[in-house]
Amino acid sequence: MAARCPAACVRLSSTSSDAAPLVDSPSPPLHSHPPAVALFNEIVNRRTDPVATLGHDLLPRPPSVAAATMAVGKAETTLIELISTVPSAKQQRVQEAARGSMPGIADGLSRFEKEVQPLLRQARPGDHRHLFSLARRYLNSVRNNVVDAGVTGHSIRLSKLGNSIGDWRLDTRNELVLNLCHIMLTSNPSTQANQDLAKELVDMWKHISQCRRPSQTRHPELQFTLPSAEYIISDADNKSGIKAFNIALASIFNQHTIDEARSLVPGLLVTLAVWSDPRLTSMPLQAETATLLNMVAAALPHDVGRKDYLDVLLEQPKRFPPSRRRELHEYTEAHWPAAVQMLCIPHSTWRTALSKQANSRRQSSDLAVFHKQLRAAYKSGSKGAVMSIWNEVKVRIAAQPDLLDQLAGLPDFVDYWIFVWCAMRMRFMLQETLDMMAQAKMQPTIRSYTAMMHGWKACKDFKRILALWTQLVDSGIRLDVAIWTERISCLVAMGCAQEALQALGEMQAQWKKAVESNDASHAAVKPSIEVVNAAFMGLLRIDYQAAHKVLAWAVLEGIEPNVRTYNALLREAFGGHDATEAVRNIFGAMQQRGVSPDGATFTICLEEILGTMHNRPAAEQVEAVRQVLDDMHKVGLRANGETYGKMLYAVASLPGGGADEAVAAVQKHMHESGIEATPHMVTILLERAMARNPPGDFEGLLQRHGLNNVAKGDQTLWERVMSARANSSRPEAAMALFNELAYAGRPVTSLPCLADLLVVLLQTKRVEDAQRVVDVVVSHKLEKQADDAWGVPRYWRHHFWHLARRNGLLPWHKLSRELQDYFGGLEDM
């Protein structure tokens, strides 16, 4: 057991008389405690204690839970009312003719945003499924109404609301685009309304380019966010004709699969025709579309003028009204030569605008690349790589002083440097960074100081942490929850339980004093469950009894446990004498307090329960699966796709891949719950089949799940399938899959899988195929390395590269001098 400070369980210091005390008591050895659910035994189930605030019998329904239930009911009523008030297309056209607007839909969407959307945003995965179903039904009704009635002004709003409830379908966005284009064609082009409509169409494409990109989640402003033109060209490589054109256009929206993004191609083609029409789109607005036009220009085949391409591609949006689709088809055919000319003219308005945009972005993008490189270098533990990146940053800033302005707008980048220098004990470099901040007119923030503490905790430089905290307190700087959490976590990491408890008590005392004084200018911070968790989880490892006293104190102070708290209790409970009862009590408490489990909750249960099933009979494995699912069901918790995936993995990890009956039991329950198998689940089953002796029928497994082409699964699955085919001595099938993934712009990157393929190709004397594999992998890696120069050093030491070198397959002319020296200096293995 780690050393700890004496008297770790002293009373939390507090100036408030009503603070809940912790009684001094000796700390018993770690293995002599009662079960880890002691908090529940002592507080939850203690019927004689009038102060207890947790428990199945004593605790009234918490106000927060009751309020949440009322909110769900209110949202459901609102959605039902909204659905019933969506007018039909005919009614909408009558309303428009009478009023020239669409107040009913606009008011309904506003009400949805105000009364329903906040609740859905706060929901955890699996919560309020009936509300999400009603929300999708309502938004679908509104969208259909907008398209059928030919109304504008709501396209982006509807798409964003769809995103907020997880509806990422692109065919519906395509219909909204076509609706905008059709209205532009049939309205007076000289009116202000049509100019507004042209702007809405451009903004709609900006929004579509941002959808499902994590980097855009916190960027409310509309902007084009697209891959490089080289990516588009490589996607269409080795394809010809309409297929290449279709794939290349779809790959512009690479955050989606090719099959999904193909739904946008009809709308994109019609949009190009509209943007090439000077009656409908102004030159400034065309310049605004430069980023997207550049992508499309890169995708154009040499025979782009063929109209049979349009005949095929424009027939896709089947749901869009046929008569309007024909009008759009005829218009696009008539204006297609102008669209091609717009895309191909060397000195067009949009190309000039693109050049200016590239110059303005180059500086800030350079720093973003450095941030990515720095993270990889720190992860690899290479001080030399970190120093090289820092020197390059300094050289770049010296050559381009304007970069200091860009640096001032990237505080997270600077704070990460501070963390790295502290974690690597390079304090002189920390001073250099602070000097550079001064040049950029930046001041260290509370997040900068938190990064310092986090870095020093990583290298266990606790003296500096304590000194920094003293300086911060003396300076009077306004502290926040994050730095309090970091401080308490550091104290626990030092093994000083007493100081950690005192810090938590000090935080609560300061908050209560500020509230009592009603001083709006106070700098006190209200303790949150995140701070309590930092103390509780750390103390569990060094002082079990003190940890549970902290949790009991937090409950009495009105700080509600969250799912991370219960997860820590669950893991401890499994080590007790009566684990089954303890786990059920914890699940019951979670349900009563309205805390939904997360993936970690069930991972703990699965690891603990199924992990005891080694070499047990099939019937016992099936019973273990049933036990987990029944325990969840009894407390009203529903398993989701992630849960079933973890359960399949736990069973498949047992010796021999687990019993077939146990796997079948998981799949049967999953099917009965209406949850479909994901590519991740199929990958688990595939690897289970290949690990057996003899290997199972993995091709049949793919067919049973409808995975008959690479567009229907994820990258990991198909890389494993390629490896399985190679290990099954089927080099033709493995190579065909490798080529298919490469043609789709998704080349195989898993070196173990690639090594399996290379071995079988060399064994069967397929040297040309082996050479192609190495060439594709090298080209893809070097292309990515332009943005990630400090990749994992072990990458080039993998057995795959030694195989390639030993068999004369390395394309030496493509390799850097450093790589040539590295491979040239190796002896044959």
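1. In this predicted model, helix 13 (residues 265-275) packs against helix 17 (residues 322-344) at an angle of about 65°, the axes being 7 Å apart. Axes are lines fitted to C-alpha atoms, for helices over the stretch in contact, with angles from 0 to 180 degrees between N-to-C directions. Helix 13 and helix 17 are therefore roughly perpendicular (65 to 115 degrees; under 35 is roughly parallel, over 145 roughly antiparallel, the rest oblique). Their crossing is left-handed, a term used if the near helix is turned anticlockwise from the far one by less than a right angle.

2. Helix 13 contributes Leu 269, Val 270, Leu 272, Ala 273, Val 274 and Trp 275 to this contact (heavy atoms within 4.5 Å), and residues of helix 17 in the contact include Tyr 331, His 335, Trp 336 and Met 342. By class, the contact has 12 nonpolar, 2 polar and no charged residues. Ala, Val, Leu, Ile, Met, Phe, Trp, Tyr, Cys and Pro count as nonpolar, Asp, Glu, Lys and Arg as charged, and the others, Gly among them, as polar.

3. The axes of helix 7 (residues 155-164) and helix 8 (residues 170-186) come within 10 Å and cross at roughly 175°, which means that helix 7 is roughly antiparallel to helix 8. Ser 155, Leu 158, Ser 159, Gly 162 and Asn 163 of helix 7 meet Arg 173, Leu 176 and Leu 180 of helix 8. The classes here are 3 nonpolar, 4 polar and 1 charged.

4. Gln 117 lies in helix 5 (residues 117-122). Gln 117 is buried, at 7% relative accessible area (buried is under 20%, exposed over 50%, partly exposed in between, with a 1.4 Å probe and protein chains only). Not counting residues up to four places away in sequence, Gln 117 touches Phe 112, Leu 161 and Ser 164.

5. The largest nonpolar core has 162 residues, and Leu 407, Phe 800 and Trp 801 have the most contacts inside it. Such a core is a set of buried Ala, Val, Leu, Ile, Met, Phe, Trp, Tyr and Cys residues joined through side-chain atoms within 4.5 Å. Helix 21 (residues 411-423) gives the most to this core, 10 residues. Beyond four places in sequence, Phe 800 contacts Leu 751, Leu 754, Ala 755, Leu 758, Val 773, Val 774 and Val 777. Another core, of 86 residues, lies apart from the largest one and includes Leu 82, Ala 123, Val 151 and Ile 252.

6. On conventions: local features need pLDDT of at least 70 and side-chain atom pairs count only at pLDDT 80 or more, whereas totals for chains, interfaces and linings use all residues. Residues are numbered from 1 along each chain as its sequence is written, and side-chain values use heavy atoms, leaving out hydrogens and water. Helices (H or I, at least four residues) are DSSP runs numbered from the N terminus.

How values were computed:
Helices (H or I, at least four residues) and strands (E, at least two) are DSSP runs, numbered from the N terminus.
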